Amino acid sequence: MYVTQLTLHNFRNHPEVSLSPNKGMNVLLGKNAQGKTSILEAIYAAATTRSWRAGKDAELIAFGQDQARVHVEVTRETQNDVELELRLSATEKKTITVNTIRQTRVADLIGQVKVLLIEPEDGEIVRGEPSARRKFLNLEISQIQPIYCHLLSSYRKVLEQRNRILKDMQKGLSGGGVLDILNEQLVTYGSGLVHRRLQFVQRIDDLATEIHSGITDGSEKLEIRYVSSTVLEGADTVDEITLRLKARMAEVKADEIRRGVTLVGPQRDELTFHLNGLDARVYGSHGQQRTIALSLRLAEFAVMEESAMEPPIVLLDDVMTDLDEERRGHVLALTQGRCQTFITAPSDRAFSPEMLPGAKIYRLANGKVTEQ
Ligand SMILES: Nc1ncnc2c1ncn2[C@@H]1O[C@H](COP(=O)(O)OP(=O)(O)OP(=O)(O)O)[C@@H](O)[C@H]1O
Ligand SMILES: [Mg+2]
């Protein structure tokens with residue numbers, strides 16, 4: 001799939017931009033703070049409904065404006081072409097349209113256009129807080145299986161309600177009569193989420209281990225594991241996971257009431273990354289953590305391609321300056337000539353001469369984007 005038309009209106013520092021990208025490589029060149037990452041961010045936000053780096057949607061709206069808009073037209077090989085539009089407002093809820101039809105749920109948009117982002121902060125998936133790894137799982141599985149996104153939003157609603165009841169029970173304000181009903185719902189949605197996460201992690205682990213071994217010339221064996229608040233060994237069906245979650249919930253019930261919070265479920269689970277048997281979060285160097293994240297992203301490319309039967313759109317932020325030649329080579333070998341890429345760099349000196357012919361080059365300066 002590839003973007004054929006991209007329009008930004010009052011998005012970050014871009015008042016008005018309209019691009020007709022190339023099917024292959026698109027290079028965004030410019031000094032610092034000219035708006036290169038913001039262009040990637042616009043594509044990413046249109047495809048997933050939010051930015052990876054903004055805390056709030058309002059940050060995306062150009063200073064002094066009350067609305068921002070991103071419109072993308074995408075050609076897909078295995079489905080009909082699609083147009084997505086994201087409108088952000090300082091005062092109203094954001095709106096999303098797919099082929100001009102307004103969607104009310106994120107799940108109805110996500111996965112229509114698949115994007116893979118590789119960026120300098122990716123190492124945070126390995127070294128950051130568990131929430132960074134859950135965010136990774138939730139977003140990436142949602143892109144591959146939109147049903148996951150439905151399950152997640154249903155799960156979160158029940159979890160919120162359940163936590164409220166537990167808080168009341170903690171204070172002695174409620175006898176917890178509805179807890180059993182909520183438990184049923186929580187386990188139904190929760191086991192669906194956990195089952196999909198386990199399947200995803202298994203596939204990603206196989207692929208990333210092989211990729212990582214290639215990048216490190218066989219010197220590092222990477223293992224990715226799903227770590228759960230419930231013992232899941234041998235539980236590979238939704239029914240089995242349901243039983244395990246229920247059993248664990250019964251075990252921690254008294255503790256939950258005492259603490260006033262749900263202690264079991266996917267909101268407590270996370271991932272571990274081991275290199276040659278050592279926990280890379282604790283013992284890995286910055287560079288090793290970054291390389292794990294890269295292996296993870298490249299594995300994700302393959303999973304996305306498998307599921308969509310065509311490669312995703314790849315957004316490469318600063319990889320020409322952030323990654324060493326060898327790691328850069330792995331990214332480019334996977335993406336060049338195989339999919340549409342958008343790649344940012346300070347200048348064309350970052351590229352070897354054979355890379356640029358055939359690429360579309362955009363220069364960004366003083367709030368303007370010009371095609372070379
Ligand atoms: N809501 C906003 N309205 C206007 N300008 C903004 C807004 N948010 C951020 N900016 C500015 O937009 C500029 C471009 O940011 P961006 O991160 O896209 O630059 P960049 O070209 O990727 O830079 P770098 O090479 O340093 O990564 C920055 O100067 C930033 O301060
Ligand atoms: Mg940038």
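Helix α5 (residues 179-215) comprises 37 residues and reaches 50 Å from its first C-alpha to its last, close to the 54 Å expected at 1.5 Å a residue. The expected span is 1.5 Å times one less than the number of residues, and helices are DSSP runs (H or I, at least four residues) numbered from the N terminus. Just after α5, Asp-217 adopts a positive phi of about 50°.

Helix α8 (residues 286-308) has 23 residues and should span 33 Å at 1.5 Å a residue; its end C-alpha atoms are 33 Å apart, which agrees. Just after α8, Met-309 takes a positive phi of about 60°.

## Basis of the model

This is a predicted model, in which local features need pLDDT of at least 70 and side-chain atom pairs count only at pLDDT 80 or more, whereas totals for chains, interfaces and linings use all residues. Residues are numbered from 1 along each chain as its sequence is written, while chains are lettered from A and ligands numbered from 1 in the order in which they are written.

## Domain arrangement

The protein chain is divided into domain 1 (1-114 + 313-372) and domain 2 (120-311), with bounds from an automatic or database domain assignment. The C-alpha centres of domain 1 and domain 2 lie 28 Å apart. To their contact, domain 1 contributes 18 residues and domain 2 contributes 19 residues; two residues are in contact if their C-beta atoms, placed from the backbone, lie within 7 Å.

On the side of domain 1 that touches domain 2, the largest share, three residues, comes from helix α10 (residues 325-335). By class, this side of domain 1 has six nonpolar, four polar and eight charged residues. Here Ala, Val, Leu, Ile, Met, Phe, Trp, Tyr, Cys and Pro count as nonpolar, Asp, Glu, Lys and Arg as charged, and the others, Gly among them, as polar.

## Packing of α4 and α6

Helix α4 (residues 146-170) and helix α6 (residues 238-259) pack at an angle of about 75°, with their axes 7 Å apart. Axes are lines fitted to C-alpha atoms, for helices over the stretch in contact, and angles run from 0 to 180 degrees between N-to-C directions. The angle therefore makes α4 roughly perpendicular to α6 (65 to 115 degrees).

Leu-166, Met-169 and Gln-170 of α4 meet Glu-256, Ile-257 and Arg-258 of α6 in this contact. The α4 contact with α6 has three nonpolar, one polar and two charged residues.

Of the 15 residues around ligand 1, Asn-13, Asn-32, Ala-33, Thr-37 and Ser-38 come nearest; a residue is near a molecule if its C-beta atom, placed from the backbone, lies within 6 Å of it. Helix α1 (residues 36-48) gives the most to this shell, with three residues. The shell around ligand 1 divides into four nonpolar, eight polar and three charged residues.

How values were computed:
Helices (H or I, at least four residues) and strands (E, at least two) are DSSP runs, numbered from the N terminus. Angles under 35 degrees count as roughly parallel, over 145 as roughly antiparallel, 65 to 115 as roughly perpendicular and the rest as oblique.
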